[in-house]
Amino acid sequence: MKDVVLLEKSELTAGSTWHAAGLTTYFHPGINLKKIHYDSIKLYEKLEEETGQVVGFHQPGSIRIATTPVRVDEFKYQMTRTGWHATEQYIIEPKKIQEIFPLLNMNKILAGLYNPGDGHIDPYSLTMALAAGARKYGALLKYPAPVTSLKSRSDGTWDVETPQGSMRANRIVNAAGFWAHEVGKMIGLEHPLIPVQHQYVVTSTIPEVKALKRELPVLRDLEGSYYLRQERDGLLFGPYESQEKMKVQDSWVANGVPPGFGKELFESDLDRIMEHVEAAMEMVPVLKKADIINIVNGPITYSPDILPMVGPHQGVRNYWVAIGFGHLHMEIENRPTLPTNRPISCKIQRPMLLSPSSTQVSGYGIIHAGGVGKYLSDWILHGEPPFDLIELDPSRYGKWTTTQYTEAKARESYGFNNIVGYPKEERFAGRPTQRVSGLYKTLESKCSMGFHAGWEQPHWFYKPGQDTGYRPSFHRTNWFEPVGSEYKQVMQRVGVIDLSPFGKFNIKGQDSIRLLDHLFANVIPKVGFTNISHMLTPKGRVYAELTVSHQSPGEFLLITGSGSELHDLRWIEEEAVKGGYDVEIKNITDELGVLGVAGPHARKVLQKLTSEDLRDDVFKFLQTKSLKISNIPVTAIRISYTGELGWELYHRREDSTTLYDVIMNAGQEEGIDNFGTYAMNALRLEKAFRAWGSEMNCDTNPLEAGLEYFVKLNKPADFIGKQALKQIKAEGLKRRLVCLTLATDDVDPEGNESIWYEGKVVGNTTSGSYSYSIQKSLAFAYVPVELSKVGQQVEVELLGRNYPASVIQEPLVLTEPTRNRLQKKGGRDKI
């Protein structure tokens, strides 16, 4: 696309870019964020050749160092997630570490995580090359050109005002660095971004550094919480202070960024980072006698969870963002200040890129720039994301994301920059938000809560005498036994779960059936019934999974997972506008509470509270009815993600406590009790229920994910992705989702671990858990079709060790409706 304009507020590289260190790394704990890093590095490697501009790209490698046993476990955990990616990464022994970084004090070092292709790039030169390349392909770069107003038009285009005049744009991309919040405010959006002060230190020449034959790799001392690299013949290092010591630029939060701020810095404060300086001196002793020639303190922008926001924004047409690119590693060099970074991507289709001071790039410095540029432009060009990155979806935040919350989280995220990254990690700052279910106060003292899109939801419950602490681990931990008890509760008696965080939409209007038929690969359920339906992308990937309930003619209740609420709503709204459908779409997520009641005694308990007949042949599986439970109006759907007999009860949020109390009281005789999402995960895995975001997403098609049952290729409607799926089917699948059992010791699969066969990585797990029914680990995994037969032996890598695994006939445990059907046909022996 040639028709691309970049508007820069002052001059390119203003903002945070002009003092960026440009650290580049293949490493990222996020599965698909590794791809962003990979794409950036591959672009930077060929930029000089493509544009004729020198980019100053150094690739001396990088080492993360482990000085504690738990950190070594973390490295092993990360390694198993790297095997099925193109990234080059190894765990190395202390001897190898000393060989490539001879200036280290080796006393405490146990291991290193080594990425040989890592390094750093000169942001100024990189900018020049990107700008030259953009112009070469037809982009127009205008500066200084601050944007003074943004107005959306009824046809979805934008009027963009600058002091030099106005422009019409088909779409706009906000890539405005620490001005992104101000740009959002022009159209009534409060992007959750907080400016943070980040300091780094540069030394003068150090003789021992100067004497080295080759450049030192970039060092990341995780316990000391700093990065360090060679800067000419000296060293540069940047620490991350604790959340108590770090400094938020409060005046900017209260009053906005000062209008003229571009290449200014804050006053440095060495006292604040002294403990990190001392840690660095102990680890790299030559620092003790080095002179500090510069302490630089500049602004960087944090989102609450440290990750950027990338993609189209729900609720605004043709407005895209690439913002919140947090912890920028910084450096000082006397260089002119010219263009930089991502907004100059030449592949973006007629957007207006707003860079009222240059984009900052996230995570590990400038490393996200090239990859995010490619990701966004591919999405704009092809109408769907090239791969799944829901963790960067701007719509993961909502009205519950207040400034106070954003500030508390940004503080925590900065302070936790180098904290151990455990599976099932919870972070507690800023919680709870206003978005609590009606049951929060009733349950908070009985369970360990997890954070789901602003909601608090019980993960597991503790009994008197049990360890109630949050004890994350790479091994089985204090929730292992309690989750087992909850599992038995649902399998043998009856359990209640708070499912209020579900995303809930009401869709009605004369075109509602036509719209849903176009959106979903499944048929539309009859009135009074529910089904599981998938929205596919044009290329036939799984964009979303929802339950669709046809409540009255032409009126539907759609339910999705908490993390997908606005992600799915945006897609539905966009298609409704694009196709000109006459429908009303309402997000009722915050209005409704949801209770799940499941287990063999679920019917018995609920029947005590309603005059509605709940017998199997009257209230069938996947039926939906409006009824009263002890005089409380509910929409009851006979469905349960546990696979056991159960109902989901949708009700007014203010009725949650009363409804919960009457159900708990009614179930005393049946031994009713609570259960949480960890037990639900173990139950759904045994029933071979897929989860969106794990077994299926924008990286997978429904056929390889084993979802054929829900995809009706012969239905008359031409649903999105139908033609692509027919082609995929005709060409045949290359891989399949299988169910694996594996015998481990005290570790269970989580998902994203490498699958090995005959000494090679051949696939990956998608989710996993302990199976309390067979006392073994259970996992879903993608493997090549030829390795997908029942009985096939493979290996699953967990914490540096390969465990034998077998492909099993799924499901491991039959669902309650299937058991019922078989029992009617031929008695218990069939089951």
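These are my notebook entries on a few features of the structure.

**Entry 1: the model.** I noted that the model is predicted, that local features need pLDDT of at least 70 and side-chain atom pairs pLDDT 80 or more, and that totals for chains, interfaces and linings use all residues. Residues are numbered from 1 along each chain as its sequence is written, and side-chain values use heavy atoms, with hydrogens and water left out.

**Entry 2: Ala-544.** I found Ala-544 in strand E26, residues 542-552. Helices (H or I, at least four residues) and strands (E, at least two) are DSSP runs, numbered from the N terminus. Ala-544 counts as buried because its relative accessibility is 0%; buried means under 20% relative accessible area, exposed over 50%, and partly exposed in between, with a 1.4 Å probe and protein chains only. Leaving aside residues up to four places away in sequence, I saw that Ala-544 touches Ser-533, His-534, Met-535, Asp-568 and Trp-692, where contact means heavy atoms within 4.5 Å.

**Entry 3: a sheet.** I looked up an open sheet of 3 strands, ordered E2-E7-E3 with antiparallel pairing. Strands E2 (23-24) and E3 (57-58) stand at the edges with a single partner strand each, so one side of each has no neighbour in the sheet. Two strands pair if DSSP finds at least two bridges between them; E3 and E7 (residues 119-121) are joined by 2 bridges. In this pairing, His-58 stands opposite His-120 of E7.

**Entry 4: salt bridges.** A salt bridge is a side-chain nitrogen of Lys or Arg within 4 Å of a carboxyl oxygen of Asp or Glu. By this rule I recorded a count of 45 salt bridges.

Which residue forms a salt bridge with Glu-241? The partner is Arg-272, with the closest N and O atoms 2.8 Å apart. Arg-272 lies in the loop between helices H7 (250-255) and H8 (274-283), and Glu-241 in the loop between strand E16 (234-239) and H7, so the pair ties together parts 31 residues apart in sequence. Arg-272 counts as buried at 9% relative accessibility, and Glu-241 counts as buried at 0%.

I next examined Asp-590 and Arg-435, whose closest N and O atoms are 2.9 Å apart in a salt bridge. Asp-590 is partly exposed at 39% relative accessibility, whereas Arg-435 is buried, with a relative accessible area of 5%.

Finally, I noted a network of salt bridges that links Arg-603, Asp-616, Arg-638, Glu-816 and Lys-824.
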